[in-house]
Amino acid sequence: MINVKDLHKSFGHNEILKGISTHVEEKEVVVVIGPSGSGKSTFLRCLNGLETATSGEIEIAGMTLTDPKTNIHTLRQHVGMVFQQFNLFKHLTILENVTIGPRKVKKVAQAQADKVARELLAKVGLVGKEASYPDELSGGQQQRVAIARSLAMGPNVMLFDEPTSALDPEMVGEVLQVMKTLAIEGMTMVVVTHEMGFAREVGHRVIFMDDGLIVEEGAPKSLFSDPQKDRTKGFLAKIL
Amino acid sequence: MDPIRQNLPVLLDGLRLTIQYSVVAIILMVVIGLIAALMRLSTVAPLRWIATAYVEIFRSTPLLVQLFFIVLGLPAILPVNQWFGQLTYPILAAAITLSLNEGAYVTEIIRAGILGVDRGQKEAAQSIAMNGFQTMRYIVLPQAFKRMIPPLVNQAAQTIKDTSLLAPVGIAELVYKGEIVIAETFASFAIWGLIAALYFVLIFSLSKFASYLERRLQVDKR
Ligand SMILES: Nc1ncnc2c1ncn2[C@@H]1O[C@H](COP(=O)(O)OP(=O)(O)OP(=O)(O)O)[C@@H](O)[C@H]1O
Ligand SMILES: [Mg+2]
């Protein structure tokens, strides 16, 4: 589903990603961990073209992102993204937030888009909030709308960049629960998170990044209990 | 004879012309400002340069000089009067020059409004596969627009006042008509006072309408 070969990304002279290679299977849930500034967000943003790779190759959802001939907008219909700060469209209602992509991008009729959006909002536990505006919702609710908004496009892959880091602790669970359901339903997911419980329970594989490189990767159980590299040990000692 | 009552129809005719020029210039300045703002924010460098040059040139020279230059200066080197007609050219040139001048300020208002929208909004739109146009049209501009209303209303008020500079280049509007009336009646104090009052009513009602509009938008949509 995702194939990354020797991905480099620099901002000016500052090389942030220094040669990332990895592969994500269909229906696999990959959790990316690593210290602040290690390039996790940059990596994720490269996967849907929010950042342009400096060099290397990215194949995702059957398309080659790094091929200049690839239509980035077509590709993004298949790659959903959830942001740390939710980024709901502030001027639109919850329902409109979820329908605007299908309606304007995929030209789905309003009635059909509304129907799908209501189903998705029900799925993320937000029935009755359709007419509210984002700033009337709690952070956890907003993030669940953001997930529904992404799902409305019918993606094959979902990218999550620290989806619970901006939430009050009591709201983390409800968002993780939605993500867990998605994983169980077979969504291919790449999740940057500090929630080790989620990584252990839902993740099929954990990637530890440091300083723009994948230092170590493996099944959550083995990586957490028996890390091989010193840098992984040091990082895990700090967060576990 | 009461100079005001006798000449009121002439002055009201001037007011009508002032309103006409104002409406045209306000519409055009927004259209021009939107285009130039999008050019200034474009990734295509030559578009940015053209828009920046336009804004700087019009903001760094007096409107009165621009009007003299284009309305009266240009016909001295180009047969524009023949192209557009002796009577039409000055009116057309004056309206366009005024619009371009105000448009330069509107460019900066719209540009600032667009830049003021949180970057995450644009990224979220991109992540649901919106293209550049859709992102602007459905996500960025609607949010930018609300914060642009107060400065745009200011600029519209400025535009109404600036139409008075059409008189020196020979375009008939309120001030121009006023000068004619004063030349005949010598009622300088009364006529200028009346003209000032007419501008005041015009601009005051505009700003009242704008704050009404703003309140409406505040309630309907956030
Ligand atoms: N647009 C940009 N321009 C310049 N530098 C950037 C840009 N985006 C990110 N960086 C730099 O790249 C480095 C890695 O950033 P990134 O956000 O990918 O790290 P991260 O692993 O997600 O960290 P965190 O856990 O804090 O979110 C940082 O030093 C950051 O300053
Ligand atoms: Mg990050």
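A polar contact is here a pair of N or O atoms within 3.5 Å; within protein, one atom must be able to donate a hydrogen and the other to accept it, and residues adjacent in sequence count only if both atoms are side-chain atoms. By this criterion, six residue pairs are in polar contact between chain B and chain A, both residues at pLDDT 80 or more.

The model is predicted: local features need pLDDT of at least 70, side-chain atom pairs count only at pLDDT 80 or more, and totals for chains, interfaces and linings use all residues. Residues are numbered from 1 along each chain as its sequence is written, chains are lettered from A and ligands numbered from 1 in the order in which they are written, and side-chain values use heavy atoms, with hydrogens and water left out.

**Stop 1: chain B as a whole**

Nine helices and zero strands are assigned to chain B, helices being DSSP runs of H or I with at least four residues and strands runs of E with at least two, numbered from the N terminus. Along the principal axes, the C-alpha atoms of chain B fill a box of roughly 70 × 50 × 25 Å. Of its 222 residues, 41% count as buried (buried is under 20% relative accessible area, exposed over 50%, and partly exposed in between, with a 1.4 Å probe and protein chains only). Among the contacts in chain B with a separation of 6 or more, 75% are between residues 24 or more positions apart; contact means heavy atoms within 4.5 Å.

**Stop 2: the interface with chain A**

Next, show both chains. In this interface, 22 residues of chain B are in contact with 25 residues of chain A. The size of an interface is often given as the accessible area lost when the parts come together. Chains B and A bury about 2,100 Å² between them, 57% of it on carbon and sulfur atoms; this area is taken with a 1.4 Å probe and summed over both parts.

Now select B:Glu123 and A:Arg45. These residues form a salt bridge whose closest N and O atoms are 2.7 Å apart, where a salt bridge requires a side-chain nitrogen of Lys or Arg within 4 Å of a carboxyl oxygen of Asp or Glu. The elements giving two or more residues to the side of chain B that touches chain A are α6 (119-127) and α7 (132-162) of chain B. The largest share of that side, eight residues, comes from α6(B).

**Stop 3**

B:Phe200 is exposed at 54% relative accessible area, while B:Phe204 is partly exposed at 41%. Continue to B:Phe209 and B:Tyr212: their ring centres are 6.5 Å apart and their planes at 35 degrees, so the pair is tilted (ring centres of Phe, Tyr or Trp, the last by its six-membered ring, lie within 6.5 Å; planes under 30 degrees apart are stacked, over 60 edge-to-face and the rest tilted). B:Phe209 and B:Tyr212 also lie in helix α9 of chain B, three residues apart.

**Stop 4: B:Lys177**

Finally, select B:Lys177 in helix α8 (residues 174-185) of chain B. Is this lysine buried or exposed? B:Lys177 is buried, with a relative accessible area of 17%. A polar contact of 3.5 Å joins its side chain to that of B:Asp13. Not counting residues up to four places away in sequence, B:Lys177 touches B:Val10, B:Leu11, B:Asp13, B:Gly14, B:Leu17 and B:Ala172.

Methods
Buried area = accessible area lost by both parts, 1.4 Å probe.
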